[in-house]
Protein chains: 2
Amino acid sequence: MNILITNDDGIRADGIIELAKAMSNIANVYVVAPESQRSATGHAITIHSPIMVNEEFIADNINAYSISGTPADCVKLGIEGIFKDIDIDLVLSGINNGPNLGTDVIYSGTASAAIEGLVQNKPSIAISYNEFNVTKETYREASKHVVKIVDSVKDKLNILEDCILNVNIPNKEIKGTKVTVLGERKYENVMEERYSPYGKRYFWIGGKIKNIEQVENNDIDCVEEGYISITPVNIDMTNKNKVNYIKDLNIF
Amino acid sequence: MNILITNDDGIRADGIIELAKAMSNIANVYVVAPESQRSATGHAITIHSPIMVNEEFIADNINAYSISGTPADCVKLGIEGIFKDIDIDLVLSGINNGPNLGTDVIYSGTASAAIEGLVQNKPSIAISYNEFNVTKETYREASKHVVKIVDSVKDKLNILEDCILNVNIPNKEIKGTKVTVLGERKYENVMEERYSPYGKRYFWIGGKIKNIEQVENNDIDCVEEGYISITPVNIDMTNKNKVNYIKDLNIF
């Protein structure tokens with residue numbers, strides 16, 4: 001199996017390094033990641049400037065490159081450019097530093113990279129960890145769960161012909177997995193108005209999560225309860241028809 | 001009526017200037033646009049850096065600002081920051097320089113700005129013109145059609161509570177409007193591999209449109225036939241349930 005791995009936190013992030021190492025035990029691994037932090041870039045692609053390419057080292061058995069583009073660029077460039085002679089079987093995006101739950105998905109570079117995989121007709125999975133600033137060891141443990149998920153779906157990849165899987169891993173003891181729908185996640189007091197040392201007005205996007213009544217079986221509550229959420233997302237929307245099919249995979 | 005207008009081509013683009021002027025005849029117009037070209041930015045938002053704000057002049061009766069952020073930032077900042085004391089009734093994004101048809105929508109800054117309007121619970125419409133490099137006069141004519149569309153929906157804005165309208169205006173004689181679904185638009189030979197004057201490898205995203213068999217009633221063929229396409233899009237996906245409701249509006 002040939003797996004293309006990308007992320008939105010950049011090539012130096014522990015999440016992608018640990019995921020790539022874990023997957024290299026069961027597959028040929030090809031990495032194309034942004035050269036620096038590119039989170040919240042949504043499905044941006046770079047068309048008004050060139051995309052520079054740099055060879056990188058993660059481990060002896062991993063082909064790795066960083067590029068000056070976005071997460072969606074990484075997938076486009078990985079499949080149609082840098083690794084165009086490799087028949088990629090699966091695209092993984094992650095493991096993201098922080099959750100991508102509910103409405104987050106439309107802003108998420110992690111999810112958008114997986115959606116670009118789908119645009120390129122490749123089965124694709126986005127993986128996020130539900131906490132910021134975690135250790136290498138945490139990502140190493142989380143990667144084991146990703147290996148199990150890939151193992152469960154690898155012989156039924158045609159299920160992913162019209163949706164990606166958006167996976168969120170809880171930052172607590174894992175009770176198992178649940179196939180979910182996207183919840184609603186909105187923020188309040190988002191805009192902080194400030195002034196520069198020279199008196200110029202600016203804003204910085206911040207805000208805290210609003211308390212919203214959620215639909216049944218949503219990903220947000222699922223992760224809170226200690227289950228890994230697996231949401232079939234169709235170009236940024238829950239693909240409700242696929243929920244039962246993927247439940248039937250009985251992923252551990 | 002209070003209308004917030006943005007785009008992804010930047011505050012200096014003829015498309016937004018003509019649209020703002022046309023709308024100012026029927027509504028109070030508030031403009032927040034990127035300070036420069038930000039097309040193909042998808043639903044990117046700026047969270048790792050501040051967003052600078054500049055006052056701009058379009059016409060005496062138009063409140064206009066440019067910001068250092070993305071199209072989605074413009075809407076977020078317009079509603080929650082710069083114009084937070086104004087009760088915005090409608091968000092318009094455009095008129096974009098070039099089409100946003102079918103699969104384009106997931107990459108489109110124009111559509112993403114409208115989707116951000118929906119995230120902010122505001123009825124939102126994205127408008128694109130199906131040709132690049134057109135004149136001010138062309139946008140002035142196109143804006144008349146937008147006025148008619150806004151006029152048709154302005155008393156039924158609750159129809160837009162769970163979808164945006166993605167509007168594409170043909171670059172030919174207009175036969176009328178059609179409510180459509182998103183077609184499929186993919187590109188071939190996308191990655192041009194090049195070398196810098198210093199021998200460094202880079203890629204530039206290009207490519208030409210693939211010939212794909214389209215579903216019935218898709219936006220791509222509709223615009224080709226000379227009709228304005230109006231597609232209800234739900235967080236980047238066709239909201240098929242809404243097609244008939246909006247057809248019933250009988251927009252000219």
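## Helix packing, the chain interface and some local details

Helix 2 of chain B passes helix 3 of chain B in a right-handed crossing. A crossing is right-handed if the near helix is turned clockwise from the far one by less than a right angle, and left-handed if anticlockwise. Helices (H or I, at least four residues) and strands (E, at least two) are DSSP runs, numbered from the N terminus.

The model is predicted: local features need pLDDT of at least 70, side-chain atom pairs count only at pLDDT 80 or more, and totals for chains, interfaces and linings use all residues. Residues are numbered from 1 along each chain as its sequence is written, chains are lettered from A and ligands numbered from 1 in the order in which they are written, and side-chain values use heavy atoms, with hydrogens and water left out.

Back to the pair of helices in chain B. Helix 2 (residues 71-82) of chain B and helix 3 (residues 109-119) of chain B pack with their axes 7 Å apart, at an angle of about 25°. Helix 2 of chain B is therefore roughly parallel to helix 3 of chain B. Axes here are lines fitted to C-alpha atoms, for helices over the stretch in contact, and angles run from 0 to 180 degrees between N-to-C directions. Angles under 35 degrees count as roughly parallel, over 145 as roughly antiparallel, 65 to 115 as roughly perpendicular, and the rest as oblique.

Helix 2 of chain B contributes B:Pro71, B:Ala72, B:Val75 and B:Lys76 to the contact, and helix 3 of chain B contributes B:Gly109, B:Ala113, B:Glu116 and B:Gly117. Contact means heavy atoms within 4.5 Å. Sorted by class, the contact of helix 2 of chain B with helix 3 of chain B has four nonpolar, two polar and two charged residues. In this sorting Ala, Val, Leu, Ile, Met, Phe, Trp, Tyr, Cys and Pro count as nonpolar, Asp, Glu, Lys and Arg as charged, and the others, Gly among them, as polar.

Chain A has a helix 2 and a helix 3 as well. Helix 2 (residues 71-82) of chain A packs on helix 3 (residues 109-119) of chain A at an angle of about 25°, and their axes are 7 Å apart. That makes helix 2 of chain A roughly parallel to helix 3 of chain A. The crossing of helix 2 of chain A with helix 3 of chain A is right-handed.

Another pair of helices lies in chain B. Helix 1 (residues 14-23) of chain B and helix 4 (residues 136-153) of chain B have axes 8 Å apart and pack at an angle of about 45°. Helix 1 of chain B is therefore oblique to helix 4 of chain B. The crossing of helix 1 of chain B and helix 4 of chain B is right-handed. Residues of helix 1 of chain B in this contact include B:Leu19, B:Ala22 and B:Met23, and those of helix 4 of chain B include B:Tyr139, B:Val146 and B:Val150. By class, the contact of helix 1 of chain B with helix 4 of chain B has seven nonpolar, two polar and four charged residues.

How do the two chains meet? Chain A gives 46 residues to the contact and chain B gives 46 residues. About 4,300 Å² is buried between chain A and chain B, and carbon and sulfur atoms give 63% of that area. Buried area is the accessible area (1.4 Å probe) that two parts lose on being put together, summed over both. In chain A, the residues that lose the most area to chain B are A:Tyr107, A:Phe203 and A:Ile205, together 15% of what that side buries.

Side chains of opposite charge can pair when their charged atoms come close.

Some details of the backbone remain. The peptide bond from A:Gly94 to A:Ile95 is cis, with omega near -5°, and A:Ile95 is in strand 5 (residues 90-97) of chain A. In chain B, the peptide bond from B:Gly94 to B:Ile95 is cis, with omega near -10°.
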